[in-house]
Amino acid sequence: MNEFLHGGDYNPDQWLKRPEILEEDIRLMKKAGVNEVSLGIFSWAMYEPEEDVYQFSWMDKIMDAMYENGIKVILATPSAARPAWMVKKYPEIMRVNEKRERLLYGDRENYCCSSEIYREKVKKIDGMIASRYAKHPALIMWHLSNEMYGECHCEKCQNKFREWLKKKYKTLENLNEQYNSAFWSHTFYSWDEIESPSSIGDQAVHGLALDFSRFYSELNIDFLEMEKKEIRKYCKHTPITTNMLSLDCGIDYSDLGKILDVTSWDSYPLWHCGKDKTSEWKEAVKASFHYDYCRSLKKQPFYLMESTPSNTNWAAVCKLKRPGMHLLSSMQAIASGSDSVLYFQWRQGKGGYEKFHGAVVGHSGSEDTRVFRDVCQVGDELKKIAEIKGAGTISKVAIIFDWPNLRALKGIKGLKNNKKDFVEALQEYYEALIKNYVNVDIISQRDDFSEYQLIVAPMLYLFEKDTDKRIKAYIENGGNFVLGVFSGIVNENDLAFECFPPYGLQDVFGLCVEETDALCEDEFNEVTYKDRTYHATDYCDLIRNQDATVVAEYGQDFYKGMPVVTKHTWGKGTAVYIGSRMNEEFLYEFLHDMIQEVGIERICDTPYISDIMVKQREKKGIKYTFLMNFSTEQRVIEVEHQQYVLGCYEYKIITTK
Ligand code: GLA
Ligand code: ZN
């Protein structure tokens, strides 16, 4: 397939009694340059109206019609939602929430991953779908379930969790030790006393809470693997994906990525909702971070599985995309390594939860709409740039985002309790790097570090086994590592190391941290770097310097004169410590200097032009540089001695050999 995919979720189950709608949809799809539809995501009730009574002929017709018209199909397994009869007969397939309430029929992505009956039912329907459509010429990809997330706290899941703990800790003594459970009378004397965290029970044994997150992440992945196996019985090669949705949905995506052939992401930025109506830069940075994360999971192109052609229906304010934003935001995904622009949804349903969610074809059914024209424009553009499809992304810079670290930081009491802002801290560093016009990968602490010239790890509070040694080896061999405030404090069970942080790395960084201060909102400590003043905010590590070079010091408070940013040469590399959440301007300047010192080749060698994002893909020695203006105002950027003028929400691609 040598074209970008353009299309998205299509739920024709709603119009089966009106075949003229399918006909009309196909006509409109062709007009809009749509070459793909994602089918069957929530179709279980249509496939199996009664237990073990199946009907597929409706889907046969749709699949055939798509094929006859040159439209490819991504076919889903329908496990995210189920028929009402099933829940009535087997209520245990539904989840129990953390308050120990069993959910009723309805909604979606809310089943118990331990329910044997549900597993059997899913296997059976998946097998029937896979065997029926494996060889269908329209089929190009399998879509497992939908936006899998969350946890179940039923007795079955609790028992499985206890088994998981037995495997991990072997003895209760060991478990009690690792949970430091002697505190607050939390000692467990029998495995069946252990309960998953609950707001009406316990959330204070942090190691246990973290273990439950890990356990459920594994169980979610195990469920998807089961579905994958069922498909593979009948279909050996068609790629399998599942749509991912957020940094914290209860699944460690770095593990999930491993079982998928390709990764895919659902992206719904809240465009035009910020205070500054002339700039969508901040929202663009967040979207970009997600795309880079999804791509980095397999270090290969990913798919934008869902996006809205206009508005969502669930945001606090469901804004329309302003003219130009649909094309620009679609191209942003492509620039970040996506091989598709897909939507939720093709045609708006006239009833139900999502009747006001944006769609390519609205309730009127008209093609004479702004949204339809916007979609046609994306279709045209994707055809024009088809040669870029499959191009890779070369990044010499990485940021560590680690899901267990995020979960652990969320759980702890301390710092600023209602505002830990780990994700925000990550995105601040990310933004500073993106502003320096380099491609960035987002990796976990378990990933291979060796291919990067610079790695940044903001607030890496939790060090898994050997993380310290791996960072040390990376730096020793010539790597450049930036470690942020409040790092290297606890082990993988959220148990504090009995030393000054950063654990195992005091010699490498030439320092240790004695205390960490938390600042109130609007409070800051002035820091001078190269004769300019910047702000240290939120958290301030009080550093005890051993033999690091002090780059910047705190300018105020009782720790005035103490180092806040340091550098230390170690082996062939450099260990940098940034002991506070430094403001945007500092991060940009400091990382700019580092990128230069380290000799990282930037995509373009210009200072940051406000609101202009630059990303690059590469294929067969050809570089495709995307320049994207997220401002309503005109901007000019110079790339390789040539000036490019970009109007409101405009983008350009520069091709170089
Ligand atoms: C998610 C779901 C879709 C749809 C969209 C609406 O991404 O996967 O089924 O509900 O949200 O934004
Ligand atoms: Zn359960």
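Me: What makes up the open sheet, and in what order?
Reply: Seven strands, in the order β11-β10-β12-β13-β19-β18-β17, with mixed pairing. Strands here are DSSP runs of E, at least two residues long, while helices are runs of H or I of at least four, and both are numbered from the N terminus. By the way, this is a predicted model, where local features need pLDDT of at least 70 and side-chain atom pairs count only at pLDDT 80 or more, though totals for chains, interfaces and linings use all residues. Residues are numbered from 1 along each chain as its sequence is written, chains are lettered from A and ligands numbered from 1 in the order in which they are written, and side-chain values use heavy atoms, leaving out hydrogens and water.

Me: Why are β11 and β17 called edge strands?
Reply: Because β11 (440-443) and β17 (549-553) each pair on one side only.

Me: How do you know that β17 and β18 pair?
Reply: Pairing takes at least two DSSP bridges between two strands. β17 and β18 (residues 563-570) have four bridges, in the antiparallel sense, so they qualify. Ala-552 stands opposite Val-565 in β18.

Me: Why is Cys-152 called buried?
Reply: Buried means under 20% relative accessible area, with exposed over 50% and partly exposed in between (1.4 Å probe, protein chains only). Cys-152 has 0%, so it is buried. Cys-154 is buried too, at 5%.

Me: And what about Ser-330: buried or exposed?
Reply: Ser-330 is buried, because its relative accessibility is 2%. Ser-330 sits in helix α11 (residues 325-335). Leaving aside neighbours within four places in sequence, Ser-330 is in contact (heavy atoms within 4.5 Å) with Val-341 and Val-378.
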